[in-house]
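Hello,

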Amino acid sequence: MKGLYCRAAEGEAEPKFVIQETTLPDVLGSHQVRVKVKACGLSPLDFKLIQEVGIQRELLPVGREVAGVVLQVGPKVTFFQPEDEVVGVLPLDSPCSGLCEVVDIDEYFLVQKPEKLSSACVAGALRDGVCAYTALHTHARMAAGHTLLVMDGASPFGLMCIQLACYHGVKVLTTSHSPQKQAFLEQLRPSVGLQDPLVARVIPVHNGSSDLLSVVLEETGGLGVDIVVDSEVRLHGGEEEEEEEKKLVPHKHDIISVLGVGGHWVTSHKNLQLDPPDCRLLYLKSASVSFLNPEVWTASSAQQGRYLHILRDIVEKMSTGVLRPQTEEAVPLYEATVAMETVQRHPRKKAVVQL
């Protein structure tokens with residue numbers, strides 16, 4: 001049986017992804033489930049995080065968001081039985097690659113997959129769903145009547161945030177990075193119910209003319225937003241030689257400025273640095289900053305029940321059309337190495353492998 005693995009590079013060299021032969025143990029663990037994989041989503045590897053949690057392997061398994069069919073269950077498994085369709089995320093320390101034909105996974109990392117939901121669709125969108133749910137529910141405690149600003153709403157993660165927030169009665173503002181993305185965001189409608197736009201205001205940042213703060217204050221009556229969710233942040237401004245993509249990313253001071261009193265800023269920036277004036281502004285607004293690290297759910301067993309509830313809710317909302325991810329066309333297994341190299345170089349890109 002073959003799987004996709006990564007040989008971490010030293011220094012600035014790019015990591016190498018290789019197809020490697022692997023085997024599974026003959027005996028299943030007490031709470032383990034053996035799953036025949038039908039589709040696997042690819043996400044970039046965070047080598048620093050893997051090192052920091054103490055995982056030391058010459059070959060790191062690649063592909064963790066899996067969907068498939070249960071073949072066999074351990075003696076103490078209570079949630080599943082053979083022939084069940086399941087979906088889940090392999091833990092960070094799993095020795096299995098999600099691109100293996102068959103994987104062993106603890107039952108507490110899996111949930112039932114609704115029959116009408118395609119394996120490729122759910123495997124490709126599960127990680128973004130967990131991120132959106134964690135940002136809005138766990139960190140920001142969103143509620144009906146709140147106002148949310150999503151940075152780059154046309155990204156897969158941003159789109160999940162918009163749809164989840166609108167379902168809960170939250171007013172959504174978002175930024176767009178191109179005219180095409182702006183048109184896409186403006187035509188978003190719910191799958192059921194009133195066909196009002198999902199986004200109250202799309203703020204273009206691609207032409208360099210929109211003042212984020214003035215538009216947000218106009219939309220909120222001068223109060224600012226309750227929640228900001230970013231995908232990337234600029235820590236320093238004014239560099240003339242910045243890349244075009246970086247110019248579209250908001251500066252940390254802009255994000256703090258648009259927050260209202262008691263607001264929540266959920267950031268994906270791993271090395272965020274706040275200067276004393278930034279902290280003072282957050283203090284004056286009694287606002288908070290939360291760091292979005294979706295790996296925390298599988299790295300710790302402290303809140304496993306809540307994590308399973310999140311997974312169940314995501315797949316249920318996807319099956320009913322509340323969450324409608326932008327599905328990428330699934331690639332065959334022989335293209336997985338090239339697809340993973342692209343995802344590793346461009347973390348915002350998505351890839352799904354059909355087995």
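How do the residues of the lining of the largest cavity divide into nonpolar, polar and charged? They divide into 8 nonpolar, 3 polar and 3 charged. Here Ala, Val, Leu, Ile, Met, Phe, Trp, Tyr, Cys and Pro count as nonpolar, Asp, Glu, Lys and Arg as charged, and the others, including Gly, as polar.

This is a predicted model, in which local features need pLDDT of at least 70 and side-chain atom pairs count only at pLDDT 80 or more, while totals for chains, interfaces and linings use all residues. Residues are numbered from 1 along each chain as its sequence is written, and side-chain values use heavy atoms, with hydrogens and water left out.

Searching the whole structure gives 4 cavities of 30 Å³ or more. A cavity is a set of points, on a 1 Å grid over the protein atoms alone, where a 1.4 Å probe fits but cannot get out; lining residues have an atom within 4 Å of a point. Points are joined across faces, edges and corners, and a volume is the space filled by probe spheres set on them.

The largest cavity has a volume of about 130 Å³. It is lined by 14 residues, of which Gly124, Ala125, Pro325, Gln326 and Thr327 are the closest to its centre. Helix 2 (119-139) and helix 3 (156-167) are the elements that give two or more residues to this lining, and helix 2 gives the most, with 5 residues. Helices (H or I, at least four residues) are DSSP runs, numbered from the N terminus.

The second largest cavity holds about 90 Å³ of space. Its lining includes Arg64, Glu65, Arg127 and Trp297, and helix 2 and helix 9 (296-299) each supply at least two residues.

Regards

Notes: 1 Å grid on protein atoms, 1.4 Å probe; cavity = no way out; pocket = protein on both sides within 12 Å on 5 of 7 lines; lining within 4 Å.
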